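Welcome! Please take a moment to look over the model below, and then let us walk through a few of its parts together.

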Amino acid sequence: MRSEVASLPGSPERPNEDWAAAVPSTSDGGGAVVLLDGVTPPVGDDGCVHTVPWFTARLGGALTELSGSRRDMSLSEILSLAIRRTADAHRDTCDLSHVRTPQATVVLARWDETRVEHLVLSDSVLLLEAPDGTVRAVLDDRLDRVPDEVRRSLEATDRLRNRAGGFFTAAADPAVAARAVTGTTPRARVRALAALTDGASRWVDLFGEGDWADCFGVLREEGPAGLLRRVRALEARSDGGAPGRGPGDDARVGGPRRWKLHDDATAVYAELWDR
């Protein structure tokens, strides 16, 4: 396994709310990738004394540890347990029932000698490259199904946050793990994989510089840092008027759909076997 991780904050004045790890398993030739995109809450009370980076670090650490140590558990079960552990860490100090309690999108991938498992929750992206170069994107598109008129209202968006008919993120309810997009692919059919937060996937789904296969080609040739440099260059040339995608982007609700000029952006690339 060869892996690379790159992450850039959206602003030097704000902490990076993304979290990522790529870890090998020495016991079975496998490994795991964990990627979180913390949801930036709108200005105001969210019922929690902790920051979003605190939450993503806690949840990401639990997911990484459990992905390696609990091979007997599915990725959905691992996400459920990690959410429970993270909630327990601040249940006594915070109102975890608040609709805007700290939360994050999730990408998990885990593999051994025979299979590659995956899990995607909300609008981060997992890319799987086959030996013939074909790239498959694993997406959770429920946020994209929410009508624009709903997303212009903070209150209307909150009514669909982690609700049936709306969209889901990892917050304080372990049951949300059952809502994730999951699947398994034979190891022989996955040569490499990549995980992107929506700040990195802008290269495809906002700026339209290529499709997912083209994006994977950039990752393979230039690494995650190269993709992020390309995104920042495109953002610098833009006027900031294009629509955004993120579930926690407070620039998208309560007014015209405009996107943050720069968002936290993280990309993970892992080769499972030599080309």
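Which residues does Arg-179 touch, not counting residues up to four places away in sequence? Arg-179 touches Leu-121, Arg-142, Ala-164 and Phe-168, where contact means heavy atoms within 4.5 Å. Before going further, note that this is a predicted model, in which local features need pLDDT of at least 70 and side-chain atom pairs count only at pLDDT 80 or more, while totals for chains, interfaces and linings use all residues. Residues are numbered from 1 along each chain as its sequence is written, and side-chain values use heavy atoms, with hydrogens and water left out.

Arg-179 sits in the loop between α4 (154–160) and β8 (181–186); helices (H or I, at least four residues) and strands (E, at least two) are DSSP runs, numbered from the N terminus. Val-120 lies 59 residues from Arg-179 along the chain, with 9.4 Å between their C-alpha atoms.

Strand β8 holds Gly-183. Leaving aside neighbours within four places in sequence, Gly-183 is in contact with Val-116, Glu-117 and His-118. Arg-237, by contrast, is 54 residues away from Gly-183 in sequence and 38 Å away in space, C-alpha to C-alpha.

Most residues other than glycine have a negative phi. Ser-122, in the loop between β5 (115–121) and β6, has a positive phi of about 75 degrees. Asn-162, in the loop between α4 and β8, has a positive phi near 55 degrees.

Buried means under 20% relative accessible area, exposed over 50%, and partly exposed in between (1.4 Å probe, protein chains only).

| Residue | Relative accessibility | Class |
|---|---|---|
| Arg-179 | 40% | partly exposed |
| Gly-183 | 23% | partly exposed |
| Asn-162 | 21% | partly exposed |
| Ser-122 | 3% | buried |

Asn-162 also leads us to the largest pocket. Arg-161, Asn-162, Arg-163, Ala-171 and Asp-173 lie nearest the centre of this pocket, which is lined by 16 residues. Its volume is about 240 Å³. On a 1 Å grid over the protein atoms alone, a pocket is an open set of points where a 1.4 Å probe fits, with protein on both sides within 12 Å along at least five of seven lines; lining residues have an atom within 4 Å of a point. The lining divides into 7 nonpolar, 5 polar and 4 charged residues. Here Ala, Val, Leu, Ile, Met, Phe, Trp, Tyr, Cys and Pro count as nonpolar, Asp, Glu, Lys and Arg as charged, and the others, Gly among them, as polar.

Finally, let us visit a helix pair. The axes of helix α5 (residues 198–205) and helix α6 (residues 212–237) come within 9 Å and cross at roughly 105 degrees. That makes α5 roughly perpendicular to α6, a term for angles of 65 to 115 degrees. Residues making the contact include Trp-203 and Val-204 of α5 and Val-218 and Leu-234 of α6. By class, this contact has 10 nonpolar, 2 polar and 5 charged residues.

How many of the residues of α5 are buried? The count is 7 of the 8, so α5 is largely enclosed by the rest of the structure. Among the buried residues are Asp-198, Gly-199 and Arg-202. The buried residues of α5 pack against β3 (31–38), β6 (125–129), β9 (192–196), α6 and β10 (265–271).

Methods: Grid points are joined across faces, edges and corners, and a volume is the space filled by probe spheres set on the points. Axes are lines fitted to C-alpha atoms, for helices over the stretch in contact, and angles run from 0 to 180 degrees between N-to-C directions. Angles under 35 degrees count as roughly parallel, over 145 as roughly antiparallel, 65 to 115 as roughly perpendicular and the rest as oblique.
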